[in-house]
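Colleague: I am new to this structure. Please take me through how to read its features.

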Amino acid sequence: MMFFSRWKTLAILAVLLVSTLLCVPNFFPRAELPGWARQFSLGLDLRGGSYLLLEVDLNAVVRERLESLADAARTRLRQQNIGYVNLAADPANRRVSFRVREAGQAAAAAGLMREQANQITASTGTSVPDIEVATAEDGTVTATLTEAGLRAKATGAVEQSIEIVRRRIDETGVSEALIARQGQSRILVQLPGVEDPGRIKELLGKTARMTFHLLDESANPLSPTPPPGVMFLAAERPVPGQQDRFAVRRRVEVDGANLTDARAGQDSRNGEWVVNFTFDSVGTRRFAEVTRQNVGRPFAIVLDDKVITAPNIREPITGGRGQISGSFTARTANELAVLLRAGALPAPLTVVEERTVGPELGADAIRAGVLALAAGALFVFLYMGLAYGLFGWLADIALLFNIVMMIAALSLMEATLTLPGIAGIVLTLGTALDANILINERIREEVKNGRPALSALEAGFTKASGTIMDSNLTNLIAMGCLYAFGSGPVKGFAVTVAIGTVVQMWTATTLVRLMVSWWYRAKRPNELPVMGRGRGLLGWLGRPMFRLVPDVTKIPFMRGARMGLMVSALLSTASLIGAFYPGLEKGIDFKGGIVMEVRTPEAADLAQIRSAVSGLNLGDVGVQEFGSADTVLVKLPVQGDEAGTQRAVNAVRGTLEQVAPGTRLLRVEAVGNRVSDELFMGGMIALGISLLAMLVYIWFRFEWQFAIAAIITLVLDTTKTVGFMVLFGVEFNLTTVAAILTVVGFSANDKVVVFDRMRENLRKYKQMPLRQLVDQSINETLNRSLGTSMTLLLSALPLAIFGGDTLAGFAWVMLFGIVVSASSSVFIAAPIVLYSGEGRLRRGEVGQAAGGKVGAPAGV
């Protein structure tokens, strides 16, 4: 209704006021804000910093548990005088097995193994052991790590690793670092302002597990294999003329986990850098016992399977304090102290993905994003005002509040705004006006049909509401799939567009209606300003100045139905062939590798840079100018494992500094094989589920002929978009997947509007031939379809022009997809409905007239 009660009006105004207040804190420094204030934060691609994705080696956790179990079994069996052979850990099968020499002792041996089980709390809430022990007739005893034990170990290892990573990064002084779990075994680390994360990667890559062991003086370290219960370890810093390999007993005499403090210092006797450490009460007692019982014997300090030092115990050490020496420098001593204070990682961490953006590039991205947003807003505002007059200007006011409410939502969520997120806001400018175009076109149609002013307004808002809901839900489905299977900044894009979609439905159907009702009560006009031109400046601005197509058109679109389907099939077939040969140009997200963007002091010598990097023997090297003569993009293939990728990044960085001193590193992206495969699979799953979800939704809301037509058309639109990317060499990455999904959402939106009018006309004109009815439905929605396409084009075009190289591929894919989607509604979707629905849709209408299925509310 056009009437708004006082409480409803106050509620709407309160929402706008609260949204505005929530936006204000974003314009002030965080330190000056009260505790209740919330801000969104800028992503690393906008303010600069490093993004690291670390993976916990869960295999190492299993291996360590099994080796510990085997060592404990060896000790207990000897204590109980139980003879055994072939005692060994088998990490591949997650078990420890051995055979007792006397079969009668198998039960006793199995009991000893069960005593070594850790009691864990499974999902059932009951306490269960982490190993299962079984015996065989030949006396073989097998202890296998259970699934519950494996899950508990994995969860504990990741949670402990997160806490230790946080401590280590805090020790380095990096502020506002974000550390969070991602998936089952990965840890996300974001480091704002860190341009070169090399030192932090080095700190995080070290397990830093320190243990104290006795040496086995009877074993020969030069033997090819160690005796049982002994391991051969190398010295961490070999010194010429000194022993560089040690026979270390596996038994841990004192664990570094009992350390309470570690500080770098200098030995008062010789001035050498050392690390002084202190034990807790448990460590102090154990350290005293071991040193008291082994005076005169060598005692090895082991860090990450390397012997730091192995001095002889000269006297018992009972004070709980000790000192580690070993040719340290000030830096290495401090780093070791940091690692020991933070604690040991339960398993090694590997960097599987790295993205670094310098502040210079981040500032450029902010400028590009703001410029694209301003240009897009200006284009869209002018179009709506000039195309729809007063009601268009009111829609522009609602659009301003739409942006305000989006920012308020991001602030309330304390979300992170990335460059793709800015792109999402820009695109929302175009999609947000779709609902207003639907309403304005409906009002205009009701006026032409002779309705009085108030009745036309009421009918325009009411009849458009169903179509607005249907068309926007398809877009939300696409964004939901993108968020579920996307990664990093692409998720931010999905969240931004989803928020904008929800907000614009409210502003279009509620806020604009409120402003129109105020205007109507103030003016009480006999006619609405939706037709012709007015007098004077206010009248000139209050009425539409142009129409994209005449109000009444009778274009026989279905005469070209067969030709449209044939041309579409040929283009899609060619696109599919092109996707495999020559194939899409996959970006680093989907094929892995290294991309480094650098800026040289002067115009870059590409040949010299290419020659220098090629000399590193890192595979095929791509070197190209990127945007300007002093900016270069270096591309390298995947370097085997993740450790090789990190070595390659460091090698290229050093080489570029030698070739062009003063070179600034703007961006680094390094993605390993496993991550790239996962990202590619996630993108494909997002596309597939998006299409399937839209098929189900449209089938539910319409007859099956409409659902089949929509899904076939969406698939054809997607294939042609892929063909466009192949033809023009647009990189296929997560950002372009986001563009394709956005195109899919818009394409479904456009088809829903046309289908909705077809469904309405099927009820209205029961004797009209289906071919004529389809043509009439398309003609009646032509201005709406073209108007929405125009607002999207006007919002996406600035992204292509001003958005920079990062968003260029995204924007051009969007522009192409908009054009393809608008044409496919007419020349693909409508013909499929025509050929699949002849005879069937009419019979369905007869059934409805006789009291059968009632259709959904009609829209535009």
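Modeller: Start with the elements: helices (H or I, at least four residues) and strands (E, at least two) are DSSP runs, numbered from the N terminus. Thr 291 is found in helix α7, which covers residues 281-293. This is a predicted model, in which local features need pLDDT of at least 70, side-chain atom pairs count only at pLDDT 80 or more, and totals for chains, interfaces and linings use all residues. Residues are numbered from 1 along each chain as its sequence is written, and side-chain values use heavy atoms, with hydrogens and water left out.

Colleague: Is Thr 291 buried or exposed, and why?

Modeller: Buried means under 20% relative accessible area, exposed over 50%, and partly exposed in between (1.4 Å probe, protein chains only). Thr 291 counts as buried because its relative accessibility is 0%.

Colleague: Which residues does Thr 291 touch?

Modeller: Contact means heavy atoms within 4.5 Å. Leaving aside residues up to four places away in sequence, Thr 291 touches Ile 313, Glu 315, Pro 316 and Ile 317.

Colleague: Where is Gly 486 placed?

Modeller: Gly 486 is in the loop between α11 and α12. Gly 486 is buried because its relative accessible area is 15%. Residues up to four places away in sequence aside, Gly 486 touches Cys 481 and Lys 491. From C-alpha to C-alpha, Gly 486 and Val 826 are 31 Å apart in space, and they are 340 residues apart in sequence.

Colleague: How should I read the pLDDT?

Modeller: pLDDT is the predictor's confidence in each residue, from 0 to 100. Where pLDDT is low, the predicted coordinates should not be read in detail. The protein averages a pLDDT of 83, and 94% of the residues score at least 70.

Colleague: Which elements have the lowest and the highest mean pLDDT?

Modeller: The lowest mean, 47, belongs to helix α24 (residues 840-849), and the highest, 92, to helix α1 (residues 6-23).

Colleague: Over which residues does pLDDT stay under 50?

Modeller: One such stretch is residues 534-538, for which the model has 4 contacts beyond four places in sequence. Another is residues 844-860, where pLDDT is below 50 and the model has 35 contacts beyond near neighbours in sequence.
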